[in-house]
Amino acid sequence: MSARHLLSIESLDEAGLKQIIERACAFADGASAPEIDATVVNLFHEPSTRTRLSFERAAGCLGMQSFNIEPQLSSATKGESLTDTAATLQAMGMDCLILRHADDNLIFELAQKVKNLHLVNAGSGVRAHPSQALLDAAVLQARGLSPAGLKLAIVGDIRHSRVAASHLALWPRLGAAEIRLAGPHNMLPDAGATPGVTVHDNMDEAIAGANVVMMLRIQRERIDAEGWPDSQAYFADWGLSRERLSRLAPDSLVMHPGPVNRDVEISSEVADGPNALILDQVRMGVFARMAIFEWLLRGQD
Ligand code: CP
């Protein structure tokens with residue numbers, strides 16, 4: 001049997017999906033962590049604060065050894081392919097590779113080639129960021145929110161967001177009642193790409209009645225500079241201000257996967273206010289990644 005991987009929400013079966021979310025909530029609630037005798041390597045070809053550190057922290061909580069490869073100091077700079085890097089890690093007895101890469105497909109191709117190395121997709125191009133979607137779902141589950149009744153609005157640069165892509169794969173499976181997308185024309189997905197989801201060209205229309213509003217950063221690294229909007233104009237049209245939030249129900253929740261660009265997609269008053277779950281998401285990130293390691297390494301009979 002080849003090693004179990006976490007590549008995308010789509011490739012995760014129902015049992016795995018349920019297990020990871022439930023165990024993340026249990027760890028957050030104080031469940032004791034198992035000791036896992038395994039090694040993990042973080043290889044991030046794009047910047048990260050939350051994802052990389054929380055995988056490292058999660059590994060530490062489970063007694064695993066973790067290592068970081070800095071791509072600019074690795075043998076990739078001397079022409080080594082990712083496949084050869086993976087084979088090298090396997091030969092050293094490493095168990096897991098956590099990979100972030102700008103390429104949408106590289107990790108999926110690598111999964112066809114590796115035999116005994118567990119792969120975790122920590123962000124692949126605009127295609128997938130499954131651990132972020134799972135931890136976000138765990139945050140809401142831990143607060144007792146039922147996905148069945150959920151009205152979720154996702155606002156901002158949806159077209160270039162792998163977080164949005166993974167959420168669009170996740171919430172219909174969890175049974176969300178309504179998913180609305182809103183953003184500027186050049187940041188919305190292609191028409192028909194998201195069946196069962198409504199697309200709006202007006203933020204106020206999209207967030208009206210939503211119980212969760214998820215704000216997204218403009219992915220400037222994936223947009224040519226001439227397509228970058230003026231920050232003030234963007235905030236006026238697509239930013240979550242206190243005034244906009246005040247028109248929603250008082251118990252509406254605000255999420256953002258981070259990193260946050262204050263006063264571009266969200267005001268500081270909202271980001272630091274009582275409706276925001278941004279730091280709860282960061283906190284759950286460690287528990288969700290513990291649950292992912294447990295599922296990867298102990299979940300197979
Ligand atoms: N949410 C997220 O992926 O953050 P980082 O880029 O800091 O890992």
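Which residue has a backbone N or O atom 2.9 Å from a nitrogen atom of the ligand?

**The model**

This is a predicted model, in which local features need pLDDT of at least 70, side-chain atom pairs count only at pLDDT 80 or more, and totals for chains, interfaces and linings use all residues. Residues are numbered from 1 along each chain as its sequence is written, and side-chain values use heavy atoms, with hydrogens and water left out.

**Contacts with the ligand**

The residue is Pro257, whose backbone N or O atom lies 2.9 Å from a nitrogen atom of the ligand. Taken alone, the ligand exposes 250 Å², and the protein buries 92% of that (accessible areas come from the Shrake-Rupley method with a 1.4 Å probe).

**The largest pocket**

A pocket is an open set of points on a 1 Å grid over the protein atoms alone, where a 1.4 Å probe fits, with protein on both sides within 12 Å along at least five of seven lines; lining residues have an atom within 4 Å of a point. The largest pocket holds about 370 Å³ of space, a volume being the space filled by probe spheres set on the points.

Its lining has 20 residues, and Arg100, Arg162, Arg217, Gly258 and Pro259 lie nearest the centre. Domain 1 (14-128 + 284-298) and domain 2 (144-276) each give at least three residues to this lining; the domain bounds come from an automatic or database assignment.

Key:
Polar contact = N/O pair within 3.5 Å; in protein donor to acceptor, adjacent residues only side chain to side chain.
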